[in-house]
Amino acid sequence: MNPVPVIYEDRVIGVIGMGYVGVTLAVGLADAGFQIYGVEKAEAVLEQLRQMKPGFYEQDLEEHLIRHLKSGRIQVSQEIPADQGIRTYIVTVGTPVGPDKKIRLEPIMEVGRQLADVLKDGDMVILRSTVKVGVTRHTVLPLLQAGGTSVDLAFCPERTVEGKALSELSTLPQIVSGLTESACLRAARLFSFLTPTVIKVGSLETAELAKLVSNTIRDVNFAFANEIALICEPLNINMSEIIHATTLHYPRCNLSAPGPVGGPCLEKDPYILAESLELHNVVPKLTLTGRKINEELPIRSAERIAEILRAYTDGKGIVQPEIAILGMAFKGSPETDDLRGSMAFPLIEAIRKQFPDAALRIFDPVISPGKLAKLSLDGVQVANTLEDAFKGTHVAVIQNNHPVFRSMPLHQLAGTMASPAIVYDFWNLFQGRDNDVRKFKYIALGARMDGEEQ
Ligand SMILES: NC(=O)c1ccc[n+]([C@@H]2O[C@H](COP(=O)([O-])OP(=O)(O)OC[C@H]3O[C@@H](n4cnc5c(N)ncnc54)[C@H](O)[C@@H]3O)[C@@H](O)[C@H]2O)c1
């Protein structure tokens, strides 16, 4: 990458919204040589940044952030600073969906109005938040134009994966679009200082859709894997064998591993894609079905756990089983402490439905017990250690794929469980290993039961 020239017109950037995307991007841009003014509305988030803490776990981030905050390469404030020579603003505020699964645009609209007050002719605004198709042109542009200035407007989506944001920011191709050709070229130049590959697309809407497609395809792929897992179970076939048989040296079957699918993006972006089509009376059936399969996975698994527990207690079940959920973050690898969209929550709900009197406990290798306790989940205890999580439980559920779980001494830990002891593994981490069925029952998603003959 070329160094950012000192006289480059877009060297000073305002990043509006210092959440996960804003902070990682600010650091990536500062690493590349840009001067960053981060703007954050929430006092609590801002205070953390003032104390040089990112407010979330991301590999290598804290060290870079501290360096840039100390040197002044990144500065933070609650208001958009005037007179700092900012010519480009990148908008990274959240775009959650509500309970109705419709995108909430208020944060973006608020920023649009704030920017209208400070923009000068010739400034550039880059929208980076994920939006439904058409929002940049039909929602953001009119708000910016209300200020009476002429600005370059671009939409350049964020596509990093949590846990690898910093390395991906400097390696992933950046999709770039602009309201005008010159806005597109200007945004493309800016991102060319960050990454070697910039993909210029023909319209704002193309880039908006490309972002939604980039996430939805993952959701649908995982849903297909989960569907195959749920097909394998009644057929008493191991999905891991299906994956091995279909993918080894065979280039036309990229079946992924099954498992819980969540997180702040996949839980919502398929819905935002669907909402983008409402005006055109088109329903993306595969997209919405995939989402439903992924959302229902915890329910199916809780039902299976209940069935197995009954089978191992001569149909009686256990009145007050102790159940541990291992891994509360929405994923374990790359590791994160992000609880947004984690399937651990619907899993707890589904387990409660099957076992109304169960005593639940939770454990996470990244999120501290103190932070888990702050979730204040009704009737749920927090285990301080993995050992505490296993001790005396009837059921241990491996909810995410953190490497700690893959390498844990399962036999030893299961030996401390109550009787009967069941380990339910969403991630097939121990599938095919020598599980001692006399000590505990090991069941993996999409796997036939140990000891059962086909
Ligand atoms: N999290 C991811 O991995 C990821 C990846 C790709 C894209 N995205 C998209 O990027 C966007 C941001 O995601 P995020 O996870 O960083 O969200 P976030 O909620 O963590 O962060 C947004 C921040 O913006 C702040 N904010 C809101 N309104 C503001 C305003 N008017 N002025 C200043 N600050 C304001 C909020 O207080 C919050 O701290 C979303 O559209 C998301 O879908 C996220």
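Start with the salt bridges: a search of this whole predicted model turns up 25 of them.

**Stop 1: D152 and R186.** Select this pair and zoom in. The closest N and O atoms are 2.9 Å apart, and the two residues form a salt bridge. D152 sits in strand β6 (residues 152-155) while R186 belongs to helix α7 (residues 181-192), so the bridge ties together parts 34 residues apart in sequence. Both D152 and R186 are buried.

**Stop 2: R104 and D100.** Here is another salt bridge, with 3.0 Å between the closest N and O atoms. R104 is partly exposed, at 26% relative accessible area, and D100 also counts as partly exposed, at 42%.

**Stop 3: the two domains.** Zoom out and colour 12-202 as domain 1 and 286-444 as domain 2. Their centres, taken over C-alpha atoms, are 37 Å apart. Eight residues from domain 1 and ten residues from domain 2 make the contact. How much area is buried between domain 1 and domain 2? About 670 Å², with carbon and sulfur atoms giving 46% of it. Highlight Y57, E162 and G163: these three supply 72% of the area that domain 1 buries against domain 2, more than any other three residues.

**Stop 4: across the interface.** There is one salt bridge between domain 1 and domain 2. Pick R340 and E162 to see a salt bridge whose closest N and O atoms are 3.7 Å apart. Is E162 buried or exposed? E162 is buried, with a relative accessible area of 8%, whereas R340 counts as partly exposed at 43%. While you're here, look for the four residue pairs in polar contact across the interface of domain 1 and domain 2. The side of domain 1 that touches domain 2 divides into four nonpolar residues, one polar and three charged.

**Stop 5: P346.** Jump to helix α12 (residues 344-354), where you'll find P346. P346 is partly exposed, with 28% relative accessible area.

**Stop 6: H394.** Finish in the loop between α14 (386-390) and β12 (395-398), which holds H394. At 11% relative accessible area, H394 is buried. Show its surroundings, leaving out residues up to four places away in sequence, and you'll see H394 touching residues including I318, Q320, P321, M417 and I422.

How values were computed. Residues are numbered from 1 along each chain as its sequence is written. This is a predicted model: local features need pLDDT of at least 70, side-chain atom pairs count only at pLDDT 80 or more; totals for chains, interfaces and linings use all residues. Side-chain values use heavy atoms; hydrogens and water are left out. Domain bounds come from an automatic or database domain assignment. Contact means heavy atoms within 4.5 Å. Buried area is the accessible area (1.4 Å probe) that two parts lose on being put together, summed over both. A salt bridge is a side-chain nitrogen of Lys or Arg within 4 Å of a carboxyl oxygen of Asp or Glu. A polar contact is a pair of N or O atoms within 3.5 Å; within protein, one must be able to donate a hydrogen and the other to accept it, and residues adjacent in sequence count only if both atoms are side-chain atoms. Ala, Val, Leu, Ile, Met, Phe, Trp, Tyr, Cys and Pro count as nonpolar, Asp, Glu, Lys and Arg as charged, and the others, Gly among them, as polar. Helices (H or I, at least four residues) and strands (E, at least two) are DSSP runs, numbered from the N terminus. Buried means under 20% relative accessible area, exposed over 50%, partly exposed in between (1.4 Å probe, protein chains only).
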